[in-house]
Amino acid sequence: MTNIEQRSAGERIGFGRFALFPGARLLTRDGEPVEIGGRSLDLLIALAEQPGRVLSKRELLKRVWSDVVVEDGSLRFHMAGLRRLLGDGRDGARYIATQVGVGYAFVATVERDAAPDPPSLGATPAHSPSATNLPPRQPDLIGRERDIPLLKERIARTQLFTILGPGGVGKTSLAIEMGHILAESFAGQVAFVDFSMLENPALVPGMIAGAMGLAVQGDDPLAVMLGHMRAAPFLLLLDNCEHLIEPVALLVERLVEAAPHVRVLTTSREPLRVRGEHIHRLDALACPEDDAGLTLTELLAFPAVQLFHDRARAADSGLEIDLDAARLIAAICRQLDGIALAIELAAVRVASHGLHATARQLDERFGLGWVGRRTAQPRQQTLQAMLDWSYDLLSGIERIVLERLSVFVGPFSVDSALAVVADADLDSDAVVAALDELVLKSLVSPGRSRGAGSYRLLEITRAYAKRKLRSHGDAVFHAMAQRHAAYFLAELEAAAAQDEDVWQDPRPLRQQLGNIRCALDWSFGFRGGNPASLRLAAASAPVFLSLSHFAECQIWCARALDAMEEGQHGTALEMELQGALGLTLMFSRGSTPAAETALSRALAVATSLDDPWGQLRMLGRLHIFHERIGACAIAQVHASRALDIARDIGNAEALGVARSLTGISHYLAGDQRRALEDLERALADCPMFSRSRMIRYGFDHRVRTTIALARTLWLSGQAERATALTRQAIELAVRLDQPVTHCIALIWSLALHIWKEDFDAAQEAMAAFAECARVNALGPYVSAAIAFRADLAIRQGTEEGSPEEIEHSLIRLREVRYELLTTHFSLALARGLLRDQRLHEAAEAIDGAITRCLSIGEGFAMSELLAVKADIAHAAGKPEDSITLLEQALDVSRKQGARAWTLKVVWKLAAQLVEQDRPEDAIHRLEQALEEMSGSEFPPELRRVRNLLAELTSER
């Protein structure tokens, strides 16, 4: 950082209505934050730091584009956009001057002072509109004074409202305005979905869930949406529904039926035709039918005339409007039927052609353009004619650029436009100049979202330009589509290769989903799965994983694998595709054989390629797969192999990951001493939280390690640290914003609270777990929540929990091969049956659980299983059998290093020895156990043992 940059970092630089905070990277106008791209902001800071000094193009390029090589055209384009944003030249304001052939200087009067606290852009509530991607509102929505209050009143008490109207009439702008107006009434629970970025009807539910910021890790996005919408009011804005009318209608109908608090506002050119739909027909902007006798003020009061006037003045600040000019504008607006988009397109022509020439050219265009299109609606004819007229007035290069930009679905940057549009016959400077002109002529719009240099075509303009592109023949269209797909392939592969956490902020990824999907659709539809198509599918997988679009990830990975030719098998590409497919199948459909097949194949490929990191990643996924299905011995084999590979790699991260696997396996096997050693070392070596690492490995090893270590610490006698780590694991899982990981952390914390007999904490964790499972439609966890609730009730001695609830949950979990909680719930089932005096069934349940654990190599709960079996024997009037079983349980706990179970079991054993008139044996057992507990932290259990010992010794 230069001395100038260091000095300005803590300053506020004021000029005109603006204030610039370089340190906070913030620009405000009249105290309100201004949407500005990153490169444009860098330019402004560089210029404003040194007012009056001419900065050369070379200096600016070095300062702003230090990380990439760009041409002068990018600088000119961003400088033109910066001038427009500041209103340079409007009402006499001057900010940036050009020194021809040299560079640029900041010429406004500048005031510098210490920066106060700037308006915060980042501290928005979790459910604020900005968090749910509500676009910025139009600064001046003209002619909707009647529509806004009507919609505000009706939407609040009507579940489904559709704003109906022709293209270009202003439906989207009105819907966005209503979102902002109603956001406070809905406590910020507002989501905006732009369907113009979607072409595949099957992805409608997933796109809505994504816009809501929901992680859908199952195959039913609607269930996840309902989970978040049922309890509280929610406003859903669905824009541009007409080309997806059937899937949108079906989904909306189910939403409003199942979630009475939800309100849906759609925009479309045709009704959804579902029950309960209310329609608001959006009229064109009013314009005078006859301007004779109207004054200038009266003419400018008509919304259509006002819009034309405002847009024309914005394009030419020196434009003067007298009565004759206003009458001419009114005539133009009548000819354009008051359609907002058509009026804006015509108005921007005034700056270059003049008002009279614009009117004359419009007359000529409409005189020719209506012929042959009488089948269209009049307003659609008007818009078509308007677009034809705007297109015909473009230069040849501008037409080419507009047509080629139509391959982008959603926002695009200047760099992406140059990569796709420029070629040997059309250089970058020409593309930048044409793009600048298209923005000035309102055919390309600045993007709605935050981001550096983001632009987009309106849906109607894009459709028009795409038809023009296709009119040149399939070869031309496919050449552009190929360049578009190649650009996004290169971007995605470059992002994956970067060391920094490029996946940390999901918003830029979500904005580019339309382009990624379009590239995939074209690649597989046109090419049928060549190497570039397969690479694109593999490179897209991290995006879908990061956004929890598991179903979509499965589709593209499976499609790529099906399209693989003989020479492509056994490559790194196949390894990544198989690994992503197996992971998403496991987390969305359960631990199915298909998931195991895909993960095993990925490991085999990594092995044949001698790729140690690939092997380590796939072994981690297979380890959690076999852990979930209860195959602990197989998981142990994978863990041991992972440790061997990590030692060969010799990297701390690799060793941390491998020891996490071995530590978890030792814990499951019941070897708590080795588990404690490996998990402590794993936690020290495991990398800190990182979303990119989570995507690379498939889950966060640090969260898994922390959870397993907390349970091992408790079993080993370190209760306080176990409690602290449990809280830490929950916090880490929340930061990951991955519902499955959050549920896993809550499951193990809940089980730990139950072990500790801290039932208040257990109830709190259980409620959080049940809610997380419900709102995210995670079927196995919903079943687990029912069983946990019954387990808690049984342990607390109430009559609420029934063994049948637990049994039904076990059946549902086994159906999806989720066996990780089988032992815990089998114990709960046996306790419930014991409570109800169904001793034979209880004995069968516990024997079945013991047999299962022995067969799969799961030993961590063996001491508890034997203790519960002893309780059943005691209740059946078999005290000797009970004592024998408790002695076995005590022996197991000591061998495992599970001090927690030693204390629990010895207390039960001593009590039963007293019942059999063997107090000295009881005293011996208790004293021996207390000697072993030196340094242990078990307040309830220690207190119980000490109290019993004191009572027995006092009676000697």
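In this predicted model, the count comes to 6 cavities of 30 Å³ or more. Rolling a probe the size of a water molecule over the atoms shows where empty space is left.

Begin with the largest cavity, which holds about 230 Å³ of space. Select F587, M694, G698, F699 and T741, which are the closest to its centre among the 17 residues that line the largest cavity. Next, colour the helices α26 (572-589), α32 (691-697), α33 (701-716) and α35 (739-755), each of which supplies at least two residues of this lining. Which of the helices gives the largest share of the lining of the largest cavity? That share, 3 residues, comes from α35. If you colour the lining of the largest cavity by class, you will find 11 nonpolar, 4 polar and 2 charged residues.

The space in the second largest cavity is about 160 Å³. Select E627, I664, R704, I744 and W748, which lie nearest the centre of this cavity among the 15 residues that line it. Here it is α33 that gives the most to the lining, with 4 residues. By class, the lining of the second largest cavity divides into 11 nonpolar and 4 charged residues, with no polar ones.

The next stops concern aromatic rings, of which the structure holds 18 pairs. Select F408 and F488, whose ring centres are 6.4 Å apart and whose planes stand at 70°, so the pair counts as edge-to-face, a term used for angles over 60 degrees. This pair links distant parts of the chain, for F408 sits in the loop between α17 (396-405) and β14 (412-413), whereas F488 belongs to helix α21 (residues 474-497), 80 residues apart.

Now select F524 and W556, an aromatic pair with 5.6 Å from centre to centre and 35° between the planes, an arrangement described as tilted. Since F524 lies in helix α23 (residues 513-527) and W556 in helix α25 (residues 550-563), the pair ties together parts that are 32 residues apart in sequence. F524 has a relative accessibility of 6% and therefore counts as buried, and W556, at 5%, counts as buried too.

For a group of rings, select F769, Y781, F788, Y818 and F825, which ring pairs link into a cluster.

Two further rings are worth a look with an arginine shown beside each. Select R470 and F477, where R470 lies over the face of the ring, at 3.7 Å from the ring centre. Then select R944 and W907, where R944 lies over the face of W907, at 5.3 Å from the ring centre.

Select it with β15 and β16, and you will see 3 strands that form an open sheet in the order β14-β16-β15, with antiparallel pairing. The edge strands are β14 and β15 (445-446), each of which pairs on one side only. Between β15 and strand β16 (residues 454-456), which run antiparallel, there are 2 bridges. To see where these strands face each other, select P446, which stands opposite Y455 in β16.

Technical notes:
Residues numbered from 1 in each chain as written. Predicted model: local features only at pLDDT ≥ 70, side-chain atom pairs only at ≥ 80, totals over all residues. Heavy atoms only, no water. Phe/Tyr/Trp six-rings, centres within 6.5 Å; stacked < 30°, edge-to-face > 60°. Buried < 20%, exposed > 50% of the residue type's maximum accessible area, 1.4 Å probe, protein only. Lys NZ or Arg CZ within 6 Å of the ring centre and 35° of its normal. Pairing = 2+ DSSP bridges. 1 Å grid on protein atoms, 1.4 Å probe; cavity = no way out; pocket = protein on both sides within 12 Å on 5 of 7 lines; lining within 4 Å. Points joined across faces, edges and corners; volume = space filled by probe spheres on them. Nonpolar A, V, L, I, M, F, W, Y, C, P; charged D, E, K, R; others polar.
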